Amino acid sequence: MPVLHHGDLHLSLEPGETALDALLRAGVPVPNSCRAGACQSCRLRASSGDPPPASQVGLKPTQRERGYFLACLCRPESDLTIAVDDDPPQDAEVVAIEPLSVDVVRLRLRPLAPLVHRAGQFITLLRADGLARSYSLANLPGDDTLELHVRALPHGRMSQWIAHDLRPGDQLRIRGPEGDCFYTDGSPEQPLLLIGTGTGLAPLLGIARDALHRGHTGPITLLHGAVTPAGLYLVDVLKDMSRAHANFSYLRCALHGEAAEGLQIGGIEAVAAALHPKLAGHRVFLCGDPERVQALRKQCFLRGARMNQILADAFVTAPPPV
């Protein structure tokens, strides 16, 4: 009989009993509503064991890969351990802080213990005084260091500290990784469209690197947008990637400025629509400003992309101090 492990609880499931039923029977307050897999309010994550495929129907590929499942549909065929809480923080050492533009720096960290992650996920930096901010990963999982792109906001308590006070050799705490916006195997010929603004380039760069590293053969298009051309960065790196990989294309746009080779002027939604008017069969990754991400998500769906093939990571900044 399969056993369900949840913290200190070890529940033997009755024949035909779902994980949700067993947890509720034991007094675990699992949110639930429809009990038919539609509302997804009972979504849990397995930290070990394999959730049955029927319990992952309707979830995004990235969620399935991370072990998420719907408890109301889950009838385990073998023992399953359910994650109870976030992973505890761990220490990381600052390796380098390098300017990428007038207001963006690249922070490289070396975790002091192995960190299992995917390119495009995000980690949370924890300062000694309790201040916490999340940043996306631009590096490949096998790299020695983590790569974060940090925009130094005028009133950003964390970003200003990173850009001006943090030094190589310093240590800080990190938590994670989290997030479902990353590349998954299984459809190497599928067209990929990556659209982002500002430091939303960080996860998109990681996703593009990962897809190419894993042998993706379908076309990969990365569109990076900014308010002005000065807000675009790593241009030469991305141009080199496009020259090195025949299936990778890099385009950029700015809301204001003068058009140039490879640079279009206009809103990123309009540029994206003109670039790819039909998105049936595409996998789409969206990162950056929340309003732009939301507008692009709706636009991409209306142009034919399936909702579960649109992976998004909106960057929310803390409000300025009063």
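Helices (H or I, at least four residues) and strands (E, at least two) are DSSP runs, numbered from the N terminus. In these terms, Asn247 lies in the loop between helix 5 (235-244) and strand 14 (248-254). The model is predicted: local features need pLDDT of at least 70, side-chain atom pairs count only at pLDDT 80 or more, and totals for chains, interfaces and linings use all residues. Residues are numbered from 1 along each chain as its sequence is written, and side-chain values use heavy atoms, with hydrogens and water left out.

Asn247 has a relative accessibility of 18% and counts as buried. Buried means under 20% relative accessible area, exposed over 50%, and partly exposed in between (1.4 Å probe, protein chains only). Contacts (heavy atoms within 4.5 Å) were then listed for this residue. Residues up to four places away in sequence are not counted. Asn247 touches Leu212, His216, Thr217, Gly218, Pro219 and Ile220.

Salt bridges were searched over the whole structure, and 19 were found. A salt bridge is a side-chain nitrogen of Lys or Arg within 4 Å of a carboxyl oxygen of Asp or Glu.

Arg66 is buried, with a relative accessible area of 18%. Glu178 is partly exposed, at 27% relative accessibility.

Another salt bridge pairs the side chains of Arg209 and Glu147, with an N to O distance of 3.2 Å. Here too, distant parts of the chain are linked, 62 residues apart. Arg209 is in helix 4 (residues 201-213), and Glu147 is in strand 10 (residues 146-151). Arg209 is partly exposed, with a relative accessible area of 23%. Glu147 is buried, at 2% relative accessibility.

Arg292 and Asp289 also form a salt bridge. Their closest N and O atoms are 4.0 Å apart. Arg292 is partly exposed at 29% relative accessibility. Asp289 is likewise partly exposed, with a relative accessible area of 33%.

Salt bridges also occur as a network. The linked residues are Glu65, Arg118, Asp185, Asp210 and Arg214.
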